[in-house]
Amino acid sequence: MPDQFLTALLPQLASGAAHTHALGFQYEGLDGDRVRLRVPYRDDLVGDPETGVLAGGLVTTLLDHVGGLAVWVGLNAYQPIATLDLRVDYMRAAVPGKDLIAEARCYRLTRSIGFVRAWAFETDPTDPVAAAQAAYVVSAEGDHRAGANLRPRKTLAEGGAA
């Protein structure tokens, strides 16, 4: 179970970035190790004006973002992560006029990779609009910090690796 620091931080991470705020992402909470987000239906999020169906890119963004939150829940800490791989299977169109909910769970966590399953739905998780399988790189200390690849590497003569 996440500690208070992470529980307090998750709502900010859910909608604090400019793009998630603009899309209207809302933190819905945790259920064990599953994290939930909601995006309220809005006309400006529609991908097809004739049908009123939400844009597919919105669904993908929602699934990717909730997946990242699930990794932080699995880590029980905030540290830099990046999406390494994301597969989204669209099963049906979202129902026009309905909010979209996404849940995710980090089911495996290694030293450097978090593996996540996520799904998007309106009211019933067993009737998903889309499901995702994703992998996220988890930043480690040392030479894996952000920007470490920008520093010059040591040559073999200086004691660097081959």
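A residue counts as buried when its relative accessible area is under 20%, as exposed when that area is over 50%, and as partly exposed in between. Keep in mind that this is a predicted model.

**Exercise 1. Strand β2 and its partners**

Task: How many bridges join β2 to β6, and what lies on the two faces of β2?

Solution: 
- Step 1. Begin with β1. It pairs with β2 in the antiparallel sense over five bridges.
- Step 2. L30 stands opposite V35 in β2, and Q26 stands opposite R38 in β2.
- Step 3. Move to the other neighbour. β2 and β6 run antiparallel and are joined by six bridges; V39 has L100 in β6 as its bridge partner.
- Step 4. Recall a general rule: side chains in a regular strand alternate between the two faces of the sheet.
- Step 5. Sort the side chains of β2. V35, L37 and V39 are on the covered face, while R34, R36 and R38 are on the uncovered one.

**Exercise 2. Salt bridges**

Task: Why can the salt bridge between R105 and D33 be said to tie together separate parts of the chain?

Solution: 
- Step 1. Look at the pair itself. The side chains of R105 and D33 meet in a salt bridge with an N to O distance of 2.8 Å.
- Step 2. R105 is in strand β6 and D33 is in the loop between β1 and β2, so the bridge ties together parts that are 72 residues apart in sequence.
- Step 3. Classify them. R105 has a relative accessible area of 33%, so it is partly exposed, and D33, at 32%, is partly exposed too.
- Step 4. Repeat this with R34 and E103, whose side chains form a salt bridge of 2.9 Å, N to O. R34 lies in β2 and E103 in β6, so this pair ties together parts 69 residues apart in sequence.
- Step 5. Classify again. R34 is partly exposed at 26%, whereas E103 is buried at 5%.
- Step 6. Look for a wider pattern. D31, R34, R36 and E103 are linked in a network of salt bridges, and the whole structure has ten salt bridges.

**Exercise 3. The nonpolar core**

Task: Which residues of the largest nonpolar core touch the most other members?

Solution: 
- Step 1. Find the members with the most partners. In this core of 38 residues they are L63, L69 and L100.
- Step 2. List the elements that give two or more residues to the core: α1, β2, α3, β6, β7 and β8. The largest share, ten residues, comes from α3.
- Step 3. Follow L100. Beyond its neighbours within four places in sequence, its contacts include L37, V39, L62 and F121.

**Exercise 4. Aromatic pairs**

Task: How are the rings of W72 and Y78 arranged?

Solution: 
- Step 1. Count the aromatic pairs: there are two.
- Step 2. Examine W72 and Y78. Their ring centres are 5.0 Å apart with 45° between the planes, and the pair is tilted.
- Step 3. Turn to Y107 and F115. Their centres are 6.4 Å apart and their planes are at 45°, so this pair is tilted.
- Step 4. Check the accessibility. W72 is buried at 10%, and Y78 is partly exposed at 43%. Y107 is partly exposed at 29%, and F115 is partly exposed at 28%.

Key: Residues are numbered from 1 along each chain as its sequence is written. This is a predicted model: local features need pLDDT of at least 70, side-chain atom pairs count only at pLDDT 80 or more; totals for chains, interfaces and linings use all residues. Side-chain values use heavy atoms; hydrogens and water are left out. A nonpolar core is a set of buried Ala, Val, Leu, Ile, Met, Phe, Trp, Tyr and Cys residues joined through side-chain atoms within 4.5 Å. Buried means under 20% relative accessible area, exposed over 50%, partly exposed in between (1.4 Å probe, protein chains only). Helices (H or I, at least four residues) and strands (E, at least two) are DSSP runs, numbered from the N terminus. Contact means heavy atoms within 4.5 Å. A salt bridge is a side-chain nitrogen of Lys or Arg within 4 Å of a carboxyl oxygen of Asp or Glu. Two strands pair if DSSP finds at least two bridges between them. Rings of Phe, Tyr and Trp (its six-membered ring) pair if their centres lie within 6.5 Å; planes under 30 degrees apart count as stacked, over 60 as edge-to-face and the rest as tilted.
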